[in-house]
Amino acid sequence: MPTALITGITGQDGSYLAEHLLGKGYRVVGIVRRSSTTPYERIAHLVDKIELLSADLLDQHSLVDAMAACTPDEVYNLAAQSFVQTSWSQPVLTGEFTGLGVTRALEAVRKAAPRARFYQASSSEMFGKVVESPQSESTSFYPRSPYGVAKVYGHWITVNYRESYDLFAVSGILFNHESPRRGLEFVTRKVTDAVARIKLGLAREVRLGNLDARRDWGFAGDYVDAMWRMLQQDRAEDYVIGTGRTHSVRQLCEAAFGAVDLDYRDFVKQDERFFRPAEVDLLVADPSKANTQLGWRPRVSFEDLIAMMVDADLARHRGAR
Ligand code: GDP
């Protein structure tokens, strides 16, 4: 039975990846950071099937110890300060977790599990002020936020460790991926949660920033399969994962409110607080390398994804009443 170690297992991607790997017969070990509150709701249904180790991306020794304790065959580094907006108010902490944390994870692999295959969660935010569209593995980076800058560091240190130490280390450049488990601060989930509350009479409006921003949005459950596929290849290479289609925040609102027969124009208010100091340009993936080499394709459409999220938020708020 192969062992997979996941940092960030309490997050959206970590919980889907844990399910995916359990389904394939893996022993799944998750790293969790000690805190006074336990953010385990995304993995509550899995806790009997996985093992949890306490470690922190800011603490080198704890990572080496975790790696030595479970001798993983595969390591998925999904932990990060992952919210772009917060990276402007906490740029140094973002650099520590999202940038240097990758070096610490790689050092731990090198010291304690050098034969393990390593996956780094890189991001389309690295393309930022894009130099070409769509973006592929060969597109140059131009990050537009402290988060994007930190992810570029994480990407290159992964490439560097692959080339310096002959580690099987890959960087998956994932475009936005959403689900009912997406954090409420991200725009898709913020909107679908608001739609559910408005529909049930628990809220009257939702305040958003730039409605013309466009993203290439896919379903997180599809994207964790791409991560796993990258580590099953003969050669360690980097891959872009996305749908190749974009929608605006306005279209997101139309789809989400439309799913419950409401008109978004009656409920969406624009608010300066949610505009960003700098925006990325049109981010859209060219996933052709993943299509041909990994045999990977997204399965859930944008419309189905948003309907799935609205349904889940409706069910959650109904249950809480
Ligand atoms: P990101 O791509 O990782 O930054 O994902 P987000 O879901 O946080 O943001 C996606 C886009 O939605 C960005 O271009 C935001 O500027 C835009 N957006 C517009 N209004 C909002 C809002 O109220 N919250 C968030 N998070 N994003 C918003």
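**The ligand and its surroundings**

An oxygen atom of the ligand lies 2.9 Å from a side-chain N or O atom of Glu125, a polar contact in the sense of a pair of N or O atoms within 3.5 Å. This is a predicted model, in which local features need pLDDT of at least 70, side-chain atom pairs count only at pLDDT 80 or more, and totals for chains, interfaces and linings use all residues. Residues are numbered from 1 along each chain as its sequence is written, and side-chain values use heavy atoms, with hydrogens and water left out.

Val187 places a backbone N or O atom 2.9 Å from an oxygen atom of the ligand, and a polar backbone atom of Gly209 is 2.8 Å from a ligand nitrogen atom. The ligand alone exposes 540 Å², of which the protein buries 97%; these areas come from the Shrake-Rupley method with a 1.4 Å probe.

In total 18 residues surround the ligand, the closest being Lys190, Gly209, Arg215, Arg276 and Glu279; a residue counts if one of its heavy atoms lies within 4 Å. Domain 1 (3-177 + 219-241) and domain 2 (183-215 + 245-283 + 301-320) each supply at least three residues of the shell, with bounds from an automatic or database domain assignment.

Elsewhere, strand β2 (residues 27-32) is largely enclosed by the rest of the structure, because 5 of its 6 residues are buried, meaning under 20% relative accessible area (1.4 Å probe, protein chains only).

Definitions and conventions. Polar contact = N/O pair within 3.5 Å; in protein donor to acceptor, adjacent residues only side chain to side chain. Buried < 20%, exposed > 50% of the residue type's maximum accessible area, 1.4 Å probe, protein only. Helix = DSSP H or I, 4+ residues; strand = E, 2+ residues; numbered from the N terminus.
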